Every structure is written in structure tokens, then in C-alpha cells.
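Me: I'm new to this one. Can you put it up so we can go through it?
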Amino acid sequence: MKIKYWLMISYLIVMVLPVMTLYFLYISIHSYHEKQDITEFMEFSNRLKEMEPILEKPSLYSYQTVERYEKQLAPYASDKLKINLYMPDGRMLYSTLDDPSIYRYIQYNVDKLYKDLNSILKKHRTYSFKKPVFHGETIIGIYEVVVSRDEWIDGVNHRTTKLIGLMIGFFIILYTIVVIMLNRKLNKPLTMLQLQMSSFAKGEKPQLSIKQKNDEIGELIAHFNRMKAKIEQTQLELKSQQKEKEYIVASLSHDLKTPLTVIQAYSEALLDESKLSNTERSEYKTIVFEKLRYMKQMLDDLTIYTTLQTSEEKTEFVEVDGEEFFDMLLSGYEESCSKKDIQLVVEKSVSAAYEVNVNQCIRIVDNIMGNAIRHTMNGEKIWLAVYSSESQLPQWIFKPFKQHLDHWRKGGTIIIIQNIGEAIPLARQDELFEPFKQVEAARGQGGSSGLGLSIAKMLIEKHEGKIHLWSQEGYGTLVACWIKEKVV
């Protein structure tokens, strides 16, 4: 539950429950009072009936001694019951609880005395009843019976004390429950989140995990976990990039050391031309220029690789016709192949349009073809082809790769470079797309920077495409690039 709704409901409960509790307690006490009133009324009425024969005797309403009154009324008098006898003119004849020297022959207000005759009056502390006594048709006196409600008053006091105690206890319990709920709902998860943040800031692993709930704090915890995961992922990527940079520097130093040593040795030899024949001088210069070309290619590849890694600029694409574009893209490799007596087979079967960066596509094919030519023995064969999604694969695809390639290429056009040569171990195939990763036999031979396939992979991914390599002993190697076809 959302915290705002939880708080609204909590406030409502805190406000309503005390009122409801007080109301129900009041109803229960009021019900008790009503039952007690009925009981007291019936008891008082019954006592009046018992005393009426005595109190209505005409002889009581003539002047008598106190002792005679006490003798006649003693069975009914008590600390809780008071009997007053009056003359019709308001003078008090007798009172069971008052001092005779005080009340004797005192005249009371007649109007007040005659008020509420024959009615049982209920007051907070007493029940009272006044009734006139007749002799014939003449009033000869009035008697008044007053009963104290001590039991009722004690009950009221007891229940009032009990009510106050229950209300105090209820408020304490309610407050305790609210505090516990607030601690569980707000304080505890916030404290745990604070500890998680402090541990994360110090680079420590938190000892306790936070239970995520469906409320605002749960959303905050989820946001913190996403932020934490993202930061940790970024840190891992930074560590990986740092290791990669260190590896690149080490590999570059290693790969540049050999050509620099060769250049130094042949340059020193060329300084003393008198000891060299014309053929040797020409040969040495060719070697020096070849090593310089190799070093330049390595530095160019490194520049492109670092630019692709750090650049955040969006690649610009243009729409091209597949037929014309791939005619251009697959041409220009005949001379390089003929130098090694390699037979080059070029095929294409496309009809779609594409959105590409032309220069990047040229770079992709150049890098893969350069690798293929270097690793193909003299007199062997290289296939360079492109097939759109509706075209069937040619028969010359190596049999172990054909089914996998046909499944992998679905939904797009593929560029295929296949050569007959030494197989690449399965464990090394994925590594070849990492920087400076080469087949061990090729390291130190020159001609390759070790970044060609890495650059090709980064460029094809900028086209939202993919690249894959298959290689098997007895056949050779096939590299395929997949690119999207423009929907017309």
C-alpha cells in the first residue's frame, strides 16, 4: 500500500477509534444506568407501599414528642432513608435524620412544599416522594420520603474511573500500535536504506538485504538498487576498459618492437652503402618501407579503434541501392589475391535497398578480406559474396557451416568471406573480435595490427548488424556480416 494512503487510513483510524470507543463505553454505562434506575425505582416504590399505612395515620400529624415519632417510625428509618412530616401550613413536625432542636416548628415555604406532590422525583443523589394526608376532605399533613442513591453514586464513580482508565489504556495501546507501525513502515526501511547507502559509499557489501514493498519507500529502494547496479556495472566496465587499455599498450609495445628492431638494423646497414650491393640496398629499402607501412597501418587502426570507443557522435547513414552499392563494395581485391596466386570468387544476389555508412562498410570488408588473404595459402581459394534474405545460399558454403549460417542470417542480408586455410581453434574464435587477439601463428609476422576484426565488429554494430566466425579443420574459415534491409 502507498504510504500516503496508509497515512490517511492511519489518521482516520486514530481519530475515529477513540470516538467510537468512547461512544460504546458511554452506551454500555448508560444502559447500566437505565437498568439500575428501574431497579431503584421499583425498590423505592415497594418501600413506599410498605410505609404508606403508617405514614397516612392521622395521629402522626398532631404535635407529639420526638420519642413517640421515633417509636412509630423507627422500623423504617435508616442512614439512607429520611422521613419528614409537615403540617398543612408548612411547619415541620418531625425528621428522622435532622436534629429536632433545629427543625422543630420551623415553617417552610408552602408553595415549595406543595410542589410535585404524589410524584416520585429522581435527582442525582436521591429519590424523593411527597404525598398529602387527608382526614375526610381536609389535608391534615404532608409526608416526604427521601432515599439516598449511594449505590448508584458509587456505581457511577466506579464506572467513571473505569471509563477513564479504559480510555487511557486504549490511547496507550493505540499510540503504541501506531508507533510500531510507523517504525515498521517508515523508520526501519529508511534506516536500512541509509545503512545500504553508507555501505555502498564505503565500498562495503551490506550485511542485510532490504525487503522491497509496494509503496513509495519500495520505489525509492528499487531506484537505489537500479542506481547501485548501474554504478557497479559502470565500475566493472571502467575496470574492463582500464585492463583493455593496459593490454593494448602492452600489445602495441610488443608488436611495434619487432618492426622497429628490423628498421633499426637495416637502416644502420644502409648507412654504410659501400658494403652493400645494389640488389641488397634495394632489398633493404623495401623491407624498411614495408615495416614502416605495417607500423603506420597499426597506428591508423589504433586511432580508428580508440575513436570508435570514445566517440558519441551519431553515425550518418545514406540510402543506397543494393545492386550498385555491392558492385562497388566487392570490387578491388583481385590484384591482392593474384599476388599470392589466390583464386577469388565474387558473387552477389541482392535486390533490396539499404541505409549504410559507405566508408565504414568499405572498412569492414577491407579488414576481413585482409585477414582472409593473409591466412590463405598460395594457390588456394577465397569466396567473397553477398546474399539478401530471399536468396538461397550457394553450394560452395562449407557443409559444416551451412545450416548454422542459414538460420543465423534470417531477416537480413549477409556478406560472406570464406577461405580455405588453417582452422582457428574453437576456444579462440570469439576472442578474435577482441583487440590485439590473433591466432598465435600470426603474431609477430607483421601485416596485421590485431585490431581489424575488432574494428569490423564495432562498425557493423553501429549499423545495428552482427558478425560471426565459423572455422573447422579440413575446411577453413567463414566470416559473415549481417545488415538490415530497408523496408519499402
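Me: Which residues are buried in H13?
Reply: In H13 they are Gly-452, Leu-453, Ser-454, Ile-455, Ala-456, Met-458, Leu-459 and Ile-460. Buried means under 20% relative accessible area, exposed over 50%, and partly exposed in between, with a 1.4 Å probe and protein chains only. The helix covers residues 452–462 and is mostly covered, with eight of its 11 residues buried. Helices (H or I, at least four residues) and strands (E, at least two) are DSSP runs, numbered from the N terminus.

Me: Before I go on, what kind of model is it?
Reply: This is a predicted model, in which local features need pLDDT of at least 70 and side-chain atom pairs count only at pLDDT 80 or more, while totals for chains, interfaces and linings use all residues. Residues are numbered from 1 along each chain as its sequence is written, and side-chain values use heavy atoms, with hydrogens and water left out.

Me: OK. How many helices and strands are there in the protein?
Reply: The protein has 13 helices and 12 strands. It has 488 residues, and 38% of them count as buried.

Me: What follows H13?
Reply: Glu-464 follows H13, and its phi is positive, near 60°.

Me: How do E7 and E9 run, parallel or antiparallel?
Reply: Parallel, with seven bridges joining E7 to E9, residues 381–387. Val-346 is opposite Leu-384 in E9.

Me: And E11 with E12, parallel or antiparallel?
Reply: E11 and E12 (residues 476–483) are antiparallel and are also joined by seven bridges. Gln-472 has Gly-476 in E12 as its bridge partner. The hairpin of these two strands has three residues between them, and Gly-474 there takes a positive phi near 90°.

Me: What about the sheet with antiparallel pairing, what is its order?
Reply: It is an open sheet of five strands in the order E2-E1-E5-E4-E3. The edges are E2 and E3 (120–122), each with a single partner strand, so one side of each lacks a neighbour in the sheet. From one strand to the next the twist averages 15°. Axes are lines fitted to C-alpha atoms, for helices over the stretch in contact, and angles run from 0 to 180 degrees between N-to-C directions.

Me: Which helix packs on that sheet?
Reply: Helix H2, residues 66–73, which touches E1 and E2 and has a direction at about 55° to that of E2. Contact means heavy atoms within 4.5 Å.

Me: How many bridges join E1 to E2?
Reply: Three bridges join E1 (residues 81–86) to E2 (residues 92–95), and the two run antiparallel. Asn-84 is opposite Ser-95 in E2. Five residues lie between the strands of this hairpin, where Gly-90 has a positive phi near 105°.

Me: Switching topic: how many salt bridges are there?
Reply: The count is 10 salt bridges. A salt bridge here is a side-chain nitrogen of Lys or Arg within 4 Å of a carboxyl oxygen of Asp or Glu.

Me: What does Glu-52 form a salt bridge with?
Reply: Lys-131, with the closest N and O atoms 3.7 Å apart. Glu-52 is in helix H1 and Lys-131 in strand E4 (residues 126–135), so to speak distant parts of the chain, 79 residues apart. Glu-52 is partly exposed, at 24% relative accessibility.

Me: Which side chain meets Lys-486?
Reply: That of Glu-355, in a salt bridge of 3.2 Å, N to O. Lys-486 is in the segment after E12 and Glu-355 in strand E8 (residues 353–356), so the pair ties together parts 131 residues apart in sequence.

Me: And Arg-409, buried or exposed?
Reply: Arg-409 is buried, with a relative accessible area of 7%. Its salt bridge with Asp-406 has the closest N and O atoms 3.0 Å apart, and Asp-406 is partly exposed at 38% relative accessibility.

Notes
Pairing = 2+ DSSP bridges.
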